[in-house]
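Here is a short briefing on the structure shown below. Read it with the model open.

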Amino acid sequence: MTANLLSVRDLKVSYRVGNGHIDAVDGASFDVPRGSIVGLVGESGCGKTTVARALTRVIADNARITGGQILFDGKDIAAIPERQMNALRWRDIAFIPQSAMNSLDPVYTVEYQLNEVLRRRGGLSAREARMRCESLFEMVGIEKGRLRDYPHQFSGGMRQRVAIALALALNPKLVIADEPVTALDVIVQRQILDQLRELQTMLGISVILVTHDISVVAYICDRTVVMYAGRVAEAGPMAGVLTRPAHPYTMGLRNAFPDLAGAASGTLTPIDGAPPNLAEPPPGCRFAPRCPFSIEVCSTESPPLAEIVPDHRVACHRASEAPVLREIAARTETWLAHA
Amino acid sequence: MSHLKAVASRTLQLALVLWAVVTILFLMFRLMPGNPMAAYIDPTFTVEQQQALMAQFGLDKPLWEQYFIYLGNLLQGELGQSFRYREPVAERIFALLPNTLILTFSSLFVAYAFGILAGAYLAWRRGSAVENAAIPLVLMTRAMPEFWLGMVLLAVFSFWLGWFPAGGTRPAGADYDSLWALYTSRDFLSYLALPALTLAIYSQGLPLLLMRSNMLDVMKEDFVTMARIKGLSNWTVVVRHAARNALLPVMTSFAIAVGYQLQGNVVVESIFSWPGLGRELVNAVSASDYPLAQGAFLMIAVVVILMNLIADMLYALLDPRISHA
């Protein structure tokens, strides 16, 4: 048994667009230790959802995993035949989608949809399935009388709980949650995150939490993987990455978000500009065009993901100067001057 | 209960629509040029005889009075006397209605069963050679006029191959103990085959194309992707989730199709000498048999309106978002 439930190595996912292709994920590597919540964070289009979906191997018709390994429990699930992969789905790797409204089938009751996975995928009898449905609803704090309700009869937060119950139905080892609270208001966000954390601890499962919201990561995650333009910019223990970020992008991201815990930290500073067009990515570091600290080498050579302190990796040419850069990055004018 | 209330308000709407139809029918025949009795009254009749006949049919009364008499009679199920057959219109119509309904529904069931399955299949095989060949073919069947299609089928399967009879509902001289015995006989089926096939070919395009495009939309929905992530079988994903949802608008189109079909029946029943309401309607209009034409129109309107009600209720049954809103 390996310490890491999941190890993604140099994963590449490519979309065919017209005659060309876009490498939405271009060599992503990170680990998910057993029993931990790993936050996969980055802005829209950075490839985080593509990574999440690639782990299930249910990806868009025009997408393809073009390289790398996905070691799940020591087995490379990027390379196994589809039939074997399908056996793993939901039993070992479950998924919580962003919008539970659209991801629940509107014409069936939630009980039907729970039963579907319990019986078709879990092989439970009708009796066992009914009991399991009730205990799952109890687990996520919905009264069991509502099992017979249809998805549209639930509120947004409740639906997300249903989605969590659905994901936990077959006792998976890994739950991938793709922006599970993004569509909810902050109060409900917090309730759902608390519940997710509680269940994760209770069941000892691993969770990958995909989000664009760094405050969600700060609130719930053990580890963080910061993605930028299809690559991992920085990865490590959550506290280390967020309190002592070594990548300018993480520093900027931290300035750009309010705190979910409520501490008003003054002004928010956005990172100017937009991520690069992945059809023609810039040579060298992909963040260089927006980075206030870029030097010559940044626009010619791509920085490798290297360990700066144990268990904390960063892909930046100036990683060794991180403490100094952090101080400069904390000032608003750094980012304004660059713009 | 809100459920009952919905049904009640829907029924009230139906009554209003029906009243409007009835009124339009009443006015339509009275606004048509010429005397409604022209075909019925021999020009050699004396003026007194003509007026006596007019009085017998109540045509000497003012329009508003005629209207109320007409409404009152309708409420009692009285549709008047046919000028041509000199028998009650209601009797005539109810004798023909089963033929029309059997033709309409048998052809539509075939068309919808085929259309739904083929549409779902073509959506699933999107971009394949099968799809590329099938879509123009379907569009072609949609474009073929039904009278032409009917005549071609008649020429090939009846006159040339001799597989099916050319028209009517039963062999000459054949007699049956009851209508039920007729409708369940093999003869009847062979007479039904060609007209029903004509209508089925003509109408399968709508459910097919509708089902296909709905499927293509639904297949992009999150819950279909989720069903795949759940590791459910292809069959479960495509049939239980995608097709089940794509089916909803197709079911509503069925009711609308019944309306179109009754209209299409006029042509097909004439070609295959099928003794139905449509053919009778054509004959009644050309013979200026206004009471009969009026009755036939009314019957067709009633069927269409009823089908709409059924479609609404069916939709509520199939889509929990409607019934549990």
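pLDDT is the predictor's confidence in each residue, on a scale from 0 to 100. This is a predicted model. Its scores are ipTM 0.89 and pTM 0.81.

**Confidence in chain B**
- Chain B has a mean pLDDT of 84. In this chain, 93% of residues reach 70 or more.
- Where pLDDT is low, the predicted coordinates should not be read in detail.

**Contact between the chains**
- On the chain B side, 18 residues are in contact with 21 residues of chain A.
- Three elements of chain B give two or more residues each to this side: H10, helix H11 (234-271) and helix H14 (320-323).
- H10(B) gives the most, with 6 residues.
- By class, the side of chain B that touches chain A has 7 charged, 6 polar and 5 nonpolar residues.

**Domains of chain A**
- Chain A is divided into two parts: domain 1 (4-92 + 172-338) and domain 2 (102-171).
- The C-alpha centres of domain 1 and domain 2 of chain A lie 30 Å apart.
- Their contact takes 15 residues from domain 1 of chain A and 13 residues from domain 2 of chain A.
- Helix H7 (residues 186-203) of chain A supplies the largest share of the domain 1 side, 7 residues.
- That side of domain 1 of chain A has 12 nonpolar, 2 polar and 1 charged residues.

**The sheet in chain A**
- Chain A holds an open sheet of 8 strands with mixed pairing. The strand order is E6-E7-E8-E3-E9-E10-E12-E11.
- Which strands stand at the edges? They are strand E6 (93-96) and strand E11 (306-309) of chain A. Each has a single partner strand, so one side of each is left without a neighbour in the sheet.
- From one strand to the next, the twist averages 20°.
- Strands of a sheet pair through backbone hydrogen bonds, either parallel or antiparallel.
- Strand E3 (residues 37-41) and strand E8 (residues 206-211) of chain A run parallel. They are joined by 5 bridges.
- Val38(A) stands opposite Ile208(A) in E8(A).

Key:
Residues numbered from 1 in each chain as written. Chains lettered and ligands numbered in written order. Predicted model: local features only at pLDDT ≥ 70, side-chain atom pairs only at ≥ 80, totals over all residues. Domains from an automatic or database assignment. Contact = placed C-beta atoms within 7 Å. Helix = DSSP H or I, 4+ residues; strand = E, 2+ residues; numbered from the N terminus. Nonpolar A, V, L, I, M, F, W, Y, C, P; charged D, E, K, R; others polar. Pairing = 2+ DSSP bridges. Axes fitted to C-alpha atoms, helices over the stretch in contact; angles between N-to-C directions.
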